[in-house]
Amino acid sequence: MRRRWLVATPVLLVAAAWLVVAWGRQGATGPAEAAALATADRGAEHVTLSLVSSVLAVAVALPAGVVVTRPRWRRLRGPALFVANLGQTVPTVAFLALMFTVTGLGWRTAVLALWAYSLLPVLRNTVAGLSGVDPAVVEAARGVGMSPGEVLARVELPLARPVIVAGVRTAVVVNVGTAALASFVGAGGLGDVIQIGINNQRDRILVVGAALTALLALAADWAVAALDAVARRQPYEAWRARRASSSAP
Amino acid sequence: MGTALMILLEAVTKTYGAGLPAVAGLSLAVEAGETCVLVGPSGSGKTTTLKMINRLVEPTSGRVLVGGRDVAGVDAVELRRGMGYVIQQVGLFPHLSVGDNVGTVPRLLGWDRGRVRRRVDELLELVGLDPAVYRLRRPDQLSGGQRQRVGVARALAADPPVLLMDEPFGAVDPVTRRRLQEEFIALQAALRKTVVLVTHDIDEAVRLGDRLAVLAEGGTLAQHGTPAEVLARPASAFVAGFVGAGATLKRLGVVAVTEALDPAAGPDRHPDGVSVPAHASLAEATEALLAAPVSAVTVVEGTRSLGVVTLASIQSALRRQAAGAEEEGEER
């Protein structure tokens, strides 16, 4: 059942996006409106913004989460979560405005703001996931002779993985939604479509931009889940299982 | 090297923070190939002592020597790969199959895939689990007893000379526990590993140990000796209290039936026709004597009769053995 959804979801999402855009075009009253509905370019900008900031967030928050759960660095755990919380408590528009005074208009400002915004879910879930691993299992791993790195890679991260992945999914979905505000600092994305709709009082264009953003958020959620499902498959195990069942009398 | 010392604790003390010591000045020698059981009430530092052998806990003072080497000078990871470690069922890696759990240490040691696989199958058979059925199962698909078996198989994987076991049969029902204990005795008779086993159960300790180290609260050694010695001649009121009521009944299980042959009866079979094998304990002979209306049972080795045992000869054997333990105690 879950596997079927994994395949069906992108098909449904693409079909829905196509219908939304077709509905928008149908109501376009002139070349200017048709240009505003050049959603493929805006969509691509939106994906790039969310993807780059999400990847950077994971690249920073995941190792940070690992570091602050090591016994030696445990005292950094509180401060790290505080900083990440701070990033999220400031309203997004205010944060963009603040960033704008430092880095000016453009793509870089938007990515930086989105990055700061998605640090917390990843960091918090990495810390929660690693802290939630049964200490007895970790001690067993040490007891059989795993080095600290092996304990982390072979036992702690695999066991914390569902919680960490949930954090990444949260971060990515929030990121796609928040990226609609990148339009305010001139970084493009589907926010542009929404803006044009608002500024010209064209509800149809506004709805197209908003609906596409929502569909993209769902697609992003699916993409993380799909990546996780692919990575979780253990090829060696699967091979052995097939071998064992085919050689059975 | 028959009685070579494998593990030696020298005045080992472990203090956590500023509190009372968990283990205080403990000295203990474990010979190669013997099963030494650390037994005592909770808070007696049994587990802490065990963990100081593989450096999961570092002693505050004192030395631990394994195979003549001070473990403080050995890389902890390397040290642990040379020792099997069995803990209660939670110690299995829940995200790995049974086969991958058992193959953990060989894989860490860099064995090639085929060799790991052969070893895993061999070990699963050794502990009585069909590899074809269980290799790919997850720990949560096993019963408590099966999990314990997998834990033992994992500890034996790289064929280490030393086995550390922390309440290895703790989390199973009494019937399964008994069966696992019997399997362990058979396994240990064949493998002759140097085993240090922690338990709070005096019956388990008596059944499994070649030697018992009875620990008292505060981590001091109350008595060190064979089960028969500890039961017959407790060194202190604490040990007597810990061994509990029925020490004499427990002793029946650790004294061989051949110790109680009636010298007056000679080697002939008793006409009552009940017999026990020569490797049995006095418990089995007593059971046979009490269960049927007989006055004596014959001890046989194969088809040959060694003599007969009566309740009176059992009584005098127990008394003799207690006196012997006393002499031995005084020599020390």
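**Figure 1. Secondary structure of chain B.** Helices (H or I, at least four residues) and strands (E, at least two) are DSSP runs, numbered from the N terminus. Chain B of this predicted model holds 14 helices and 13 strands. Its radius of gyration is 22 Å, close to the 20 Å that the globule rule gives for 332 residues, so chain B is as compact as a globular protein of that length.

**Figure 2. Extent and packing of chain B.** Along the principal axes, the C-alpha atoms of chain B fill a box of roughly 60 × 50 × 35 Å. Of the 332 residues in chain B, 44% are buried. Take the contacts in chain B with a separation of 6 or more: 66% of them join residues 24 or more positions apart.

**Figure 3. The contact of chain A with chain B.** Chain A contributes 19 residues and chain B contributes 19 residues. On the side of chain A that touches chain B, at least two residues come from each of α7 (135-143), α8 (148-178) and α11 (235-247).

Figure 4. A:Thr9 sits in helix α1 (residues 2-26) of chain A. Around A:Thr9, 17 other C-beta atoms lie within 10 Å. A buried residue needs 20 or more, and an exposed one has 12 or fewer. A:Thr9 is therefore partly exposed. A:Val207 is 198 residues away from A:Thr9 along the chain, and the C-alpha atoms of the two are separated by 22 Å.

Conventions
Residues are numbered from 1 along each chain as its sequence is written. Chains are lettered from A and ligands numbered from 1 in the order in which they are written. This is a predicted model: local features need pLDDT of at least 70, side-chain atom pairs count only at pLDDT 80 or more; totals for chains, interfaces and linings use all residues. Two residues are in contact if their C-beta atoms, placed from the backbone, lie within 7 Å. The radius of gyration is taken over C-alpha atoms; the globule rule is 2.2 Å times the number of residues to the power 0.38.
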